[in-house]
Amino acid sequence: MSGHLTGTIRNHIGFMTLDRAKALNALSLDMIRALTALLREWQANEDVFAVVIRSSSQRAFCAGGDIRFFHEVGTAGPAGGSALLEDFFTEEYALNHLIHHYSKPYIALMDGIVMGGGMGISQGSAQSQLRIVTDKTAMAMPEVHIGLFPDVGGGYFLSRLPGKLGVWLGLTGQTIAAADALYAGLADLFLPSAALPELLTMLETEPMASGKQITERISRFAAPYRSEADPENSMLARQRAEIDRHFAHDSIAAIMTSLAGDNSDFADKSLSAMHRGSPLLLCVTLEQLRRGATLSVADCLRMERVMIRRSFEGTEVLEGIRARVIEKDNAPRWMPANVAEVSAEQVSAYFVEAWPDYAHPLRDLA
C-alpha cells in the first residue's frame, strides 16, 4: 500500500484516508494503485457494507493528479520514466470507472480543495453514492489553465450538468463552493467541516446492518445543516441565466465575444479566466463536452485516454505546467497564441484514435 493512503475496516465500513497533505493529496501512481487494490478487495468482502474516502487534512480532499510528476517524466525519454505517464492515466481512468460502477455505497467527504483528479475519485453515479461538501469545499476543474482538458470522466459528468454549467466549469476553471456544488448536482449533502469528526465517530461506533442503513444514517445526520448551504441562493443559481446565455454558443470565439459584450462583473471574470487557458485546449474541451454528452462512462474514459496521449505528444500541457507550477512565471507560451488561430484540424487531432480497438489500454472497461 502507498505511504500516502491508509485503509481500515471498522463497523462494516472501509475507511480510506488520503494522507499526502504537503502536496494537497495530489494523486501519485502508487496512490492510484493502492486505492484500486483496496476498492477491489472491499468490493469482494461481504463484511464491508460501504466505503468512505476522506483526507487527513482539512485543507484539501484531493487537488488532482501529481502535475509535477507529469512534467518531470513528460520531459524525459522512456529511460527517464516517461512511460510511467501511460500507466498513470490508464490506471487512474480505470479507477474512475471502478468508482463510477462500485457495487457498494461510496461516500466521499469532500472537505477542502477538490480539483481535477479529486473530482475523478468523488464523482461516481451510483444511487447509493454520497458526495458530501463542507464550508471549506473549493471545487474546480481548472485543467485548461495548464494546457490540458477536464479529464477523469469530466467529459461525462460535466456534460450532464443542468444547462451550460458544465461548459462554464470546464472552460473557465473557476472555483465553486458547497452550495454551488449542490446546485450543479456535483454534491449530495452539506455538513460543516467541524461536524465531520462527530459523523466519523457515529459511523465507527453505531451498529450498522447494511449499506443502505449507512447512507440513511448519514442523510439524517446531515439534515439539520441543510439550511447552511442553500443551493437556490448559490452563486451558480444567481448567475444561471447568464451562464446559459453566454455558454450556449457553438464556438469558443462566439462565447468570448458574447462575454465581452456583457459589462457584468461575472462576465468579466469568466472571460478573464478563459484568457488564462490555452486557446487550443479551450476549443478541445468544448468538443470533448459535446462528444461526452452522448457517450457512456467507459467510452468517455476511452476517448479521454486518447486525448491524453495526444496532449503529451504536443507542447501545451508541459508548457502550461512549466508556467503555472514549475517556474511560476504565469506566462505560458501557448501555441497557437489566440483562439482565432486555432484550426479545426488541430482540434480534431486530439480525437484521432491512437490504438486499434483491440489494443486500447482501456478496452476492457464495460
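**A walk through the model**

Modeller: Start with Leu-24, which lies in the loop between strand S2 (13-18) and helix H1 (29-44). Its phi is near 55°, a positive value in a residue other than glycine. Keep in mind that this is a predicted model.

Colleague: Why point that phi out?

Modeller: Most residues other than glycine have a negative phi.

Colleague: And what is the phi of Asn-25?

Modeller: Near 60°, and positive too in a residue other than glycine. Asn-25 is found in the loop between S2 and H1.

Colleague: Is Asn-25 buried or exposed?

Modeller: Asn-25 is buried, because its relative accessible area is 0% and the cut-off for buried is under 20%.

Colleague: Which residues are joined by a cis peptide bond?

Modeller: Met-335 and Pro-336, with omega about 0°. Most peptide bonds are trans.

Colleague: Where is Pro-336?

Modeller: In the loop between H15 and helix H16 (344-348).

Colleague: On to the sheet. How many strands form it, and in what order?

Modeller: There are 6 strands in an open sheet, ordered S1-S2-S3-S5-S7-S9. The pairing is mixed.

Colleague: Which are the edge strands?

Modeller: Strand S1 (5-10) and S9. Each of them pairs on one side only.

Colleague: How do S2 and S3 run, parallel or antiparallel?

Modeller: Parallel, with 6 bridges joining S2 to strand S3 (residues 50-55). Across that pairing, Phe-15 stands opposite Val-52 in S3.

Colleague: How many bridges join S5 to S7?

Modeller: Strand S5 (residues 106-110) and S7 run parallel, joined by 4 bridges. Ala-108 stands opposite Arg-131 in S7.

Colleague: And S7 to S9?

Modeller: S7 is joined to strand S9 (residues 189-190) by 2 bridges, and these run parallel as well. There, Val-133 stands opposite Phe-190 in S9.

Colleague: Are the faces of S7 covered or open?

Modeller: Both faces of S7 (residues 130-133) are covered. Leu-130 and Ile-132 are buried on one side, Arg-131 and Val-133 on the other.

Colleague: Now helices. Which residues of H2 are buried?

Modeller: In helix H2 (residues 67-74), they are Phe-69, Phe-70, His-71 and Val-73.

Colleague: What covers them?

Modeller: The cover includes helix H3 (83-100), helix H14 (297-313) and helix H15 (316-326).

Colleague: Those Phe residues make me think of ring pairs. How many aromatic pairs are there?

Modeller: The count comes to 11 aromatic pairs. One of them is Phe-70 with Phe-89: their ring centres are 5.0 Å apart and their planes are at 40°, so the pair is tilted. This pair links distant parts of the chain, with Phe-70 in helix H2 and Phe-89 in helix H3, 19 residues apart.

Colleague: Are those two buried or exposed?

Modeller: Phe-70 is buried, at 4% relative accessible area. Phe-89 counts as buried too, at 1%.

Colleague: What kind of pair do Tyr-102 and Tyr-106 form?

Modeller: Edge-to-face, at 6.3 Å centre to centre and 70° between the planes. Tyr-102 and Tyr-106 are both buried.

Colleague: Which rings link into a cluster?

Modeller: Ring pairs link Phe-69, Phe-70, Phe-88, Phe-89, Tyr-93 and Phe-312.

Colleague: Where do charged ends sit over rings?

Modeller: The charged end of Arg-160 sits over the ring of Tyr-156, 3.7 Å from its centre. The charged end of Arg-291 sits over the ring of Phe-351, 4.2 Å from the ring centre.

Colleague: Last topic, cysteines. How many disulfides?

Modeller: The structure holds 0 disulfides. Cys-283 is in none, and its nearest cysteine sulfur, that of Cys-300, is 19 Å away.

Colleague: Why does that rule out a disulfide?

Modeller: Because a disulfide needs the two cysteine sulfur atoms within 2.5 Å.

Colleague: Are Cys-283 and Cys-300 buried or exposed?

Modeller: Cys-283 counts as buried, at 15% relative accessibility. Cys-300 counts as buried as well, at 0%.

Terms used:
Residues are numbered from 1 along each chain as its sequence is written. This is a predicted model: local features need pLDDT of at least 70, side-chain atom pairs count only at pLDDT 80 or more; totals for chains, interfaces and linings use all residues. Side-chain values use heavy atoms; hydrogens and water are left out. Buried means under 20% relative accessible area, exposed over 50%, partly exposed in between (1.4 Å probe, protein chains only). Two strands pair if DSSP finds at least two bridges between them. Contact means heavy atoms within 4.5 Å. Rings of Phe, Tyr and Trp (its six-membered ring) pair if their centres lie within 6.5 Å; planes under 30 degrees apart count as stacked, over 60 as edge-to-face and the rest as tilted. A charge sits over a ring if NZ of Lys or CZ of Arg is within 6 Å of the ring centre and within 35 degrees of the ring normal.
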